[in-house]
Amino acid sequence: MAAAGAFSLREVLDAFRGCVTERREGLLEPCLSGWWGLIRFLQSLGAVFGFISKDAVAKVQIMERHRRGEQGQHYESLQSMVEFELSRGPAELRGRPDSGCRTVLRLHRALLWLQLFLEGLRTGHRDSRTSTICTDSYNASLAKHHPWVVRKAATLAFCALPSRDAFLEVMNVGPPEQAVDMLGEAIPYIQSVYGITQELFAQHSLLDLP
Ligand code: 1PX
């Protein structure tokens with residue numbers, strides 16, 4: 001159990017539990033709070049990850065601006081956001097670098113990385129290298145959307161990751177076995193957020209927004 005007030009990854013991953021409603025709607029606010037927690041965790045891992053957290057912060061802030069803006073009511077759920085942004089016409093949507101759909105798509109792709117990475121951590125051996133798990137998850141997900149220079153910088157940063165057991169330790173969920181159990185509980189929620197977003201974006205042909 002994490003000490004009171006200490007940062008624990010459990011609360012972060014728990015935030016993703018509240019993202020999908022019974023009607024399979026994706027709620028934006030709990031997702032964004034989950035993202036803030038992940039970003040804080042990433043920042044605690046050191047300055048080498050600064051360029052990654054900076055990009056994630058920028059994207060979460062774009063989404064918060066939409067949610068707090070004049071059209072905020074349309075940004076309550078992923079479904080209402082897609083409907084609203086599509087209603088403005090596909091040209092407008094494809095031409096906007098700060099559209100909600102495009103921004104969510106970037107975070108959505110990163111969520112696939114997270115899912116694979118957490119699953120790799122969960123099922124890895126005690127002495128597995130976190131950097132290898134991270135690189136494999138990255139190559140199987142986000143890497144195909146990134147240019148060479150970003151791939152290179154990301155892969156270099158991954159080398160700074162601590163060993164698997166030390167990593168499970170900094171998650172601050174208790175001893176490694178307890179952290180592994182927590183991951184087993186949390187991963188399905190992340191999969192569910194990923195699944196509904198993938199389905200929604202595929203249905204509206206939004207999976208390749210530039
Ligand atoms: C228990 C483990 C928890 C670990 C938490 C770590 C949270 C990581 C959050 C990463 C979010 C990354 C968002 C990236 C979005 C993206 O693809 N952006 C690119 C495209 O954006 P654009 O607007 O130009 O279309 C952008 O070019 C990205 C630049 C930065 C590099 C992104 C590398 C992503 C690597 C995956 C995360 C690695 C974290 C490793 C630490 C465990």
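Is Asn 172 buried, exposed or partly exposed? Asn 172 counts as partly exposed, because it has 18 C-beta neighbours inside 10 Å. The model is predicted.

**The shell around the ligand**

- The ligand is surrounded by 23 residues. The closest are Leu 38, Asp 55, Ala 56, Ala 110 and Ala 154.
- Helix 6 supplies the largest share of the shell, five residues.
- Sorted by class, the shell holds 19 nonpolar residues, one polar residue and three charged residues.

**The buried side of helix 7**

- Thr 130, Ile 133, Cys 134, Ser 137 and Tyr 138 of helix 7 are buried.
- These residues lie on the same side of helix 7, because they cover an arc of only 130° around the axis.
- The cover over the buried residues of helix 7 includes helix 6, helix 8 and helix 9 (164-170).

**Helix 6 against helix 7**

- Two packed helices are described by the angle between their axes and the distance between the axes.
- For helix 6 and helix 7, the angle is about 145° and the axes are 8 Å apart.
- Their crossing is right-handed.
- From helix 6, the contact uses Trp 113, Leu 116, Phe 117, Gly 120 and Leu 121. From helix 7, it uses Ile 133, Cys 134, Asp 136, Ser 137 and Tyr 138.
- By class, this contact of helix 6 with helix 7 has seven nonpolar residues, two polar residues and one charged residue.
- Ile 133, Cys 134, Ser 137 and Tyr 138 are in this contact and are also among the buried residues of helix 7.

**Helix 3 against helix 6**

- Helix 3 and helix 6 pack at an angle of about 145°, and their axes are 10 Å apart.
- The crossing of helix 3 and helix 6 is left-handed.
- On helix 3, the meeting residues are Lys 59, Ile 62, Met 63 and His 66. On helix 6, they are Gly 100, Thr 103, Val 104, Arg 106 and Leu 107.
- By class, the contact of helix 3 with helix 6 has four nonpolar, three polar and two charged residues.

**Two residues with positive phi**

- Most residues other than glycine have a negative phi.
- Asn 172 is not a glycine, yet its phi is positive, about 65°. Asn 172 sits in the loop between helix 9 and helix 10 (176-203).
- Ser 205 is not a glycine either, and its phi is positive, about 50°. Ser 205 is found in the segment after helix 10.
- Ser 205 counts as exposed because it has 9 C-beta neighbours inside 10 Å.

- Arg 10 belongs to helix 1 (residues 9-15).
- Arg 10 is buried because 20 other C-beta atoms lie within 10 Å.
- Which residue lies 172 residues from Arg 10 along the chain, with a C-alpha separation of 7.0 Å? That residue is Met 182.

Conventions
Residues numbered from 1 in each chain as written. Predicted model: local features only at pLDDT ≥ 70, side-chain atom pairs only at ≥ 80, totals over all residues. Near = placed C-beta within 6 Å. Helix = DSSP H or I, 4+ residues; strand = E, 2+ residues; numbered from the N terminus. Nonpolar A, V, L, I, M, F, W, Y, C, P; charged D, E, K, R; others polar. Buried ≥ 20, exposed ≤ 12 C-beta atoms within 10 Å, placed from the backbone. Arc of directions from axis to C-beta. Contact = placed C-beta atoms within 7 Å. Axes fitted to C-alpha atoms, helices over the stretch in contact; angles between N-to-C directions. Left-handed = near helix turned anticlockwise from the far one by under 90°.
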